[in-house]
Amino acid sequence: MQDVIVIGSGMGSLTTACLLANAGLKVQILESNWIPGGCTSSYWRKGFVFESGATTLVGLDEGMPLKYLIDQIGINIPTRELHLPMQVQLQDGRVISRHKDISDWISEAERFFKGDQRGFWETAYEISHFVWNASLRFTAFPPSKLSDIWQTIKKTSLRDFVFAKYAFVSTSRMMKKFNVYSPDFIAFVNEQLLITAQNKVDEVNFLFGAAALCYTNYGNYYLDGGLIELVNPLVDFVRKKGGEIEYRNPVTKIKSSLNGYLVQTKNKTFTSKYLVSGIPINNTVELFSNKLKNTFDGKMLASPKLNSAFQMGVGFSPHRDFDTLHHQLHLSNPLPGTGSNSIFLSLSHPDDSSRSDEKGLMVASISTHLPDPAYTIVDSTTLEQLILKELEDRNLILTKNIRYQHSSSSKSWSKWTKRKWGFVGGYPQYIKTKPWQMIDARLDGHRAYQVGDTTYPGQGIPGTVLSGIIAFEKMKRDWKF
């Protein structure tokens with residue numbers, strides 16, 4: 001009998017696992033893959049270390065979820081802060097620098113776009129501060145018990161209502177308010193929102209949209225060796241506290257019992273008092289009975305509303321220096337089969353010698369959105385050729401300098417992460433879904449809890465870490481441990 005079984009070892013799972021272990025509970029993590037981290041990890045292939053998904057580390061500013069987690073468990077994550085978080089290359093070749101300093105960024109935005117850019121971005125930045133300052137106060141949100149409502153009321157101020165109204169307002173409406181609703185700015189904001197909110201201006205409410213658009217105005221970091229170096233210290237912490245992690249042991253069935261849960265895996269059966277699922281809700285419900293499926297009917301999103309990604313990993317010899325590691329390239333024509341209008345390029349740090357067996361080489365992670373992953377089939381060879389040509393035309397990577405390349409699409413994601421249909425990036429934001437209607441941490445009304453990017457608050461490392469913190473806090477209040 002374990003105290004807690006945690007399914008998966010993504011950032012949501014590991015956050016809850018660490019906090020539970022720190023509270024004295026014995027934690028058993030079950031991971032289907034051979035390395036931890038899920039979509040926040042790294043792997044070695046052909047002399048290079050590639051990222052498995054996420055490439056941008058955000059959330060270490062004061063008051064943000066990842067900072068809270070590492071402070072609570074007392075670990076150190078050696079990072080390099082990026083002086084320039086991102087550059088965006090527009091269709092016409094002009095390059096926009098997404099400066100961290102909000103004043104510098106507004107000046108840059110005013111050079112490229114019309115309308116009240118200052119008013120729009122100052123408002124977005126103020127709302128983003130509210131979102132992160134409020135995130136660790138409202139760990140009872142979204143409410144699924146009367147006690148949650150009471151906890152939320154106790155911590156609510158009049159100022160919170162001023163900002164909460166933006167949950168009802170779309171990003172496009174705010175753009176119109178500040179007279180920045182022009183075709184070129186709409187295209188820019190759409191592609192920026194797709195990185196962190198998985199949707200566009202008409203669907204993303206401005207409470208989430210502001211935080212999504214302003215993530216470059218907070219600390220953006222790089223980890224030597226890849227994001228596996230964020231994951232490994234968390235796994236080590238759980239082990240030091242007496243917990244265990246088993247690899248290559250996917251969960252096949254879950255049964256609830258009077259004393260907790262029976263968890264069947266490929267190789268054995270585990271029992272526990274509590275259960276935490278860090279795999280998507282679409283996968284979780286399939287492990288339980290039909291009763292749980294009925295509970296979430298209408299709340300789960302199907303493939304047509306989700307995204308996967310076409311991703312490339314490239315090891316290459318650089319022919320130039322780079323102002324930043326992260327680049328978004330806006331395309332003149334959508335990529336065939338995907339309809340995607342942009343490519344996201346993340347580079348390894350030039351001073352990080354651990355990402356390549358050969359000195360002087362760098363690693364590139366390249367991705368673009370792939371909609372409706374259950375049914376969208378792409379020609380990988382054609383996409384690779386088009387993407388590499390785009391990178392060469394923009395003087396980023398020369399084809400002749402490439403030492404190794406590989407690509408993956410939804411089937412690869414499904415095989416690697418076991419996520420249904422191979423969808424990644426979490427549930428997109430939709431304007432009709434209000435924050436309190438998002439999936440709560442409480443899974444079955446008893447001792448099972450859900451974390452990760454399909455629960456509140458959603459995407460990215462900060463969002464998934466926050467989901468793990470919320471689950472822990474609700475478990476602690478529910479069961480008084």
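Which residues in helix 4 meet which residues in helix 9? In this predicted model, F120, W121, T123, A124, I127, S128, F130, V131 and W132 in helix 4 meet F206, L207, A210, A211 and L213 in helix 9. By class, the residues of this contact divide into twelve nonpolar, two polar and no charged. The points below begin with the packing of these helices, and then turn to single residues, cysteines and the backbone.

**Helix packing**

- Helix 4 covers residues 117-135, and its axis lies 8 Å from that of helix 9, with an angle of about 100° between the two. The two helices are therefore roughly perpendicular to each other, since an angle of 65 to 115 degrees counts as such.
- Helix 8 (residues 183-196) also packs against helix 9 (residues 206-213), the two axes coming within 9 Å and crossing at roughly 90°, which makes helix 8 roughly perpendicular to helix 9.
- On the helix 8 side of this contact are V189, Q192, L193 and T196, and they meet G209, A212 and L213 of helix 9. The residues of this contact comprise four nonpolar, three polar and no charged.

**Helix 8 itself**

- The 14 residues of helix 8 should span 20 Å at 1.5 Å a residue, and the end C-alpha atoms are 21 Å apart, which agrees with that expectation.
- Buried residues in helix 8 include F185, I186, F188 and V189, together with N190, E191, Q192, L193 and L194.
- Just after helix 8, Q198 takes a positive phi of about 60°.

- Leaving aside neighbours within four places in sequence, A364 is in contact with M312, G313, V314, F316, L345, S346, L347 and I397. From C-alpha to C-alpha, A364 and H330 are 18 Å apart in space, while 34 residues separate them in sequence.
- T56 sits in the loop between strand 4 (48-51) and strand 5 (57-58), and counts as buried because a relative accessible area of 16% is under 20%.
- Not counting residues up to four places away in sequence, T56 touches Y215, N220, H326, F344 and I461.

**Cysteines**

- A disulfide is a covalent bond between the sulfur atoms of two cysteines. The structure holds zero disulfides.
- For C39, the closest cysteine sulfur is that of C18, and the distance of 18 Å between them is too far for a bond.
- C214 is buried, with a relative accessible area of 0%.

**Backbone features**

- Most residues other than glycine have a negative phi, and most peptide bonds are trans.
- The peptide bond from F141 to P142 is cis, with omega near -5°, and P142 lies in the loop between helix 4 and helix 5 (146-154).
- A cis peptide bond also runs from Y456 to P457, with omega near 5°, and P457 is placed in the loop between strand 19 (448-450) and helix 15 (460-479).
- D372, although not a glycine, has a positive phi of about 45°, and this residue lies in the loop between strand 17 and helix 13 (380-393).
- N395, another residue other than glycine, has a positive phi near 60° and is located in the loop between helix 13 and strand 18 (402-408). At 39% relative accessibility, N395 counts as partly exposed.

How values were computed: Residues are numbered from 1 along each chain as its sequence is written. This is a predicted model: local features need pLDDT of at least 70, side-chain atom pairs count only at pLDDT 80 or more; totals for chains, interfaces and linings use all residues. Side-chain values use heavy atoms; hydrogens and water are left out. Axes are lines fitted to C-alpha atoms, for helices over the stretch in contact, and angles run from 0 to 180 degrees between N-to-C directions. Helices (H or I, at least four residues) and strands (E, at least two) are DSSP runs, numbered from the N terminus. Angles under 35 degrees count as roughly parallel, over 145 as roughly antiparallel, 65 to 115 as roughly perpendicular and the rest as oblique. Contact means heavy atoms within 4.5 Å. Ala, Val, Leu, Ile, Met, Phe, Trp, Tyr, Cys and Pro count as nonpolar, Asp, Glu, Lys and Arg as charged, and the others, Gly among them, as polar. A disulfide is a pair of cysteine sulfur atoms within 2.5 Å. Buried means under 20% relative accessible area, exposed over 50%, partly exposed in between (1.4 Å probe, protein chains only). The expected span of a helix is 1.5 Å times one less than its number of residues.
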